[in-house]
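Have a go at each task before you read its solution.

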Amino acid sequence: MRVLGLISGTSHDGIDSAVVDWTLDAGVLTGRIEHTGERPYEPELRARIRAALPPHRVDLGEVCALDTLIGQAFAGAAAEAPPCELVCSHGQTLFHWVEDGRVRGTLQLGQPAWIAERTGVPVVSDVRARDVAAGGQGAPLVSYLDLLLMAGLPGRTGALNLGGIANLTVREPPLAYDTGPGCALIDAAAPPYDRDGALASAGTVDRDLLDRLLAEPYYLQEPPKSTGKELFTPDYVKADLPLPDLVATLTALTAETVAAEIRRHRLDTVIVSGGGARNPALMSMLRLRATPARFLTSDELGVPADSKEAIAFSLFGWLTAHGLAATVPGCTGASGARILGTITPGSGPLTLPEPLAEAPVAIRFSGSPAARR
């Protein structure tokens, strides 16, 4: 079954897409990656998204407009991808409502009807809400893919995603949570991002500022936990420093908070994905602080690091279509595993495969790099 996964993450710079052809045989789910891509948001739309994020306030008229405009942008990304039988769209997170460590709600915009109308195929959307309703954090959902990906690897293994927010999945016992900022604060200080870590490499870490930032109470909360730009807003850091020093300090903040969790779980191997995996300064700081952990990118396991989350949402679509849960209660904190999302029919009658009685126990990927763009 060919499923298109679509997501725009907490960096809100564009829409990642992945078409994966999934087949299940004897409990092993094989994903042939047929396409990965990225469609940047139009500058005006990205500016409106940024203006709607905390700490800014917007009215319902703007929420309605963004739901339509983001939905149309996702529909455009879907139309550019190869044909598929199902789309699973994450949309764009505008707000993640957390009070006293508990997630009360989560809001992703991007009306799926525009995607269904444009492609003619069914769309799975609103994927996080069911986990939240079951008492979970609604994040990080990618832990389901992470655990399958880590199966069979030796030693104590974890999977780290360095997006706008950093999240870590630990294999034994199954555990996943947001560690804190990934690239969000770095990007806010040096928009759109610190290319190749050049600014961080040229700067000097300000120890006093770093110590103040490390005093953030979020880091002391026990998992499962999740966070977002509601806490780590663009105005989170106010410091009178040269830009290279500020970026170096914020890069060190991400490295230190992530490394602390890697040391906490005594991880031997860490699989890294997300945009931060391409930042040499961040990865250098992380390796130094997380010694003796060994780092490898998800590319080495057949999953392009920049497209892992889009691939994960393709997987979630496949699971939902086959009546299978896509959450791990120990990772999100929910009361049980849940089938995720709501389904918008395509141009014809909604026809789903026969439900499967058992979930996959292992996963593998195929597909040549040349076929992925």
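This is a predicted model: local features need pLDDT of at least 70, side-chain atom pairs count only at pLDDT 80 or more; totals for chains, interfaces and linings use all residues.

**Exercise 1. Work out the order of the strands in the open sheet that has five strands, and how they pair.**

Step 1: the five strands line up as 9-8-7-10-11 in an open sheet, and the pairing is mixed. Strands here are DSSP runs of E with at least two residues, helices are runs of H or I with at least four, and both are numbered from the N terminus. Two strands pair if DSSP finds at least two bridges between them.

Step 2: look for the edges. Strand 9 and strand 11 each pair on one side only, which makes them the edge strands.

Step 3: ignoring direction, neighbouring strands of this sheet are turned by 25° against each other on average. For angles like this, axes are lines fitted to C-alpha atoms (for helices, over the stretch in contact), and angles run from 0 to 180 degrees between N-to-C directions.

Residues are numbered from 1 along each chain as its sequence is written, and side-chain values use heavy atoms, with hydrogens and water left out.

**Exercise 2. Find out how strand 8 is joined to strand 9, and whether strand 9 is buried or exposed.**

Step 1: strand 8 (residues 165-170) and strand 9 run antiparallel, joined by six bridges.

Step 2: Thr 169 sits opposite Ala 176 of strand 9, and Leu 168 has Tyr 177 of strand 9 as its bridge partner.

Step 3: the link between strand 8 and strand 9 is a hairpin of four residues.

Step 4: seven of the seven residues of strand 9 (residues 175-181) are buried, so strand 9 is largely enclosed by the rest of the structure. The cut-offs are under 20% relative accessible area for buried, over 50% for exposed and partly exposed in between (1.4 Å probe, protein chains only).

**Exercise 3. Name the strands that pair with strand 1, and give their directions.**

Step 1: six bridges connect strand 1 to strand 2 (residues 14-25), and these two run antiparallel. Ile 7 has Asp 16 of strand 2 as its bridge partner.

Step 2: strand 4 (residues 86-99) pairs with strand 1 in the parallel sense, over five bridges. Here Val 3 is opposite Leu 86 of strand 4.

Step 3: six of the seven residues of strand 1 (residues 2-8) are buried, so strand 1 is largely enclosed by the rest of the structure.

**Exercise 4. Describe how helix 1 packs with helix 2.**

Step 1: two packed helices are described by the angle between their axes and the distance between the axes. For helix 1 (residues 43-52) and helix 2 (residues 60-80), the angle is about 140° and the axes are 11 Å apart.

Step 2: the two helices are therefore oblique to each other. Under 35 degrees counts as roughly parallel, over 145 as roughly antiparallel, 65 to 115 as roughly perpendicular and the rest as oblique.

Step 3: list the contact. Helix 1 supplies Leu 45, Arg 48, Ile 49 and Ala 52, and helix 2 supplies Glu 62, Ala 65, Leu 66, Leu 69, Ile 70 and Ala 73.

Step 4: sort them. The contact of helix 1 with helix 2 has eight nonpolar residues, no polar ones and two charged. Ala, Val, Leu, Ile, Met, Phe, Trp, Tyr, Cys and Pro count as nonpolar, Asp, Glu, Lys and Arg as charged, and the others, Gly among them, as polar.

Conventions: Contact means heavy atoms within 4.5 Å.
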